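Please look through the sequence and the model before reading on. The report is meant to be read side by side with them.

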Amino acid sequence: MIVVRYRECVRDESKSSKSRAGGGGGGGSEVVPWLEETSGQSCEKLSSLKKLNHLSLELNNLTGFIPTSFGNLSALRGISLAANNIKGTIPSLDFNNFGGEIPSTIGNLSDQLNRLSLAHNHISGIIPAAIESLANNALYLENNLLSGPIPSFMGKLRNLQALVLKGNKLRGQIPSSLGNITLLYLIDLSDNKLEGNIPASIGNCEKLNQLDFSQNNLIGPIPDSVVSIFSLSLVLNLSRKSLTGSLPVEVGRLKNINKLDVSNNKFTRSIPETIAACLSLEYLYIQGNFFHGSIPSALAALKGIRELDLSQNNLSGEIPEDMEKFPYLQYLNLSFNELKG
């Protein structure tokens, strides 16, 4: 396996030549210059590394644009450019992993590349149509400046297991075609400008263990199929939206869920007693809704609960005595209700 790790951002061609001659990098790593927006220096020489399998450039101070010559790295299986200052649009790559209007030469990589991260940069533009030819299993584009809709053809990425698009400026509806990607174990679309309803087809993703649609402009009820995904074991976060209706009684099927957050929505009716069947719950956030009625005494079954927030609702009646018996409880907020006793 050939691996290049970018140890430093080389801005001077003479210095980089000395590094390649043995003066820097260490551990057999090859130091190459990045395409500089100001100086015109580039890492075009990387395209000659025909057997390169993995390229790691994350956590540097790289600026400018991603060279189209990356498409010549036909043996590449993994690339990470996370946590740099890369900006602008990436010329039309034939896979979505760089974001923006990506260069067509990247299509040469689509059969072998299995993971790409461009997180924490300034990459802008839309998610391009060329992405549907991808065969990779992980796509991390979080915390960029991507805009436009999430394309429906992403549902054709049947090998995808992780889809992380949080922290962008994506708009429009969540495409129902995401339900076709049944190998997904992680979907994070949080902190965008998405709108419309949560598609019921997400319930087809029966391997999910983490689902986060929080901090968007979604409306309507939670589909029963979403709170029936038995595999959800880490997080279900549907907070900070304008969801309405009730919390479905099917929530009790999330027997392995660790964190459930439906806070700051417009849910009404009572808290379903079936939530007591979520025996693995440690973090439960229901605050900032319009739930009414009493606090279900059945919540006492949540013996592993560590944080419980039911504040800012319309709950009434007495606080269940059994809540005093939570052995691991560290945070409890029942404020701004109509409780008594």
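## About the model

This is a predicted model, in which local features need pLDDT of at least 70 and side-chain atom pairs count only at pLDDT 80 or more, while totals for chains, interfaces and linings use all residues. Residues are numbered from 1 along each chain as its sequence is written, and side-chain values use heavy atoms, with hydrogens and water left out.

Strands of a sheet pair through backbone hydrogen bonds, either parallel or antiparallel. Strands are DSSP runs of E with at least two residues, numbered from the N terminus, and two of them pair if DSSP finds at least two bridges between them.

Between β22 and β24 the parallel pairing runs over three bridges, and Ser316 stands opposite Glu338 in β24.

Side chains of opposite charge can pair when their charged atoms come close. In one of them, the side chains of Glu282 and Arg306 meet at 3.1 Å, N to O. This pair links distant parts of the chain, 24 residues apart, with Glu282 in the loop between β18 (266–267) and β19 (283–285) and Arg306 in the loop between β20 and β21.

Lys325 forms a salt bridge with Asp322, and their closest N and O atoms are 3.6 Å apart. Lys325 is exposed at 55% relative accessibility, whereas Asp322 is partly exposed at 34% (buried means under 20% relative accessible area, exposed over 50%, partly exposed in between, with a 1.4 Å probe and protein chains only).

The side chain of Asn313 reaches the backbone oxygen of Leu310 at 3.1 Å. Leaving aside residues up to four places away in sequence, Asn313 touches several residues, including Phe290, Phe291 and Phe336, where contact means heavy atoms within 4.5 Å.

Although Gly304 and Pro327 are 23 residues apart in sequence, their C-alpha atoms are 7.3 Å apart in space.

Methods: A polar contact is a pair of N or O atoms within 3.5 Å; within protein, one must be able to donate a hydrogen and the other to accept it, and residues adjacent in sequence count only if both atoms are side-chain atoms. Helices (H or I, at least four residues) and strands (E, at least two) are DSSP runs, numbered from the N terminus. A salt bridge is a side-chain nitrogen of Lys or Arg within 4 Å of a carboxyl oxygen of Asp or Glu.
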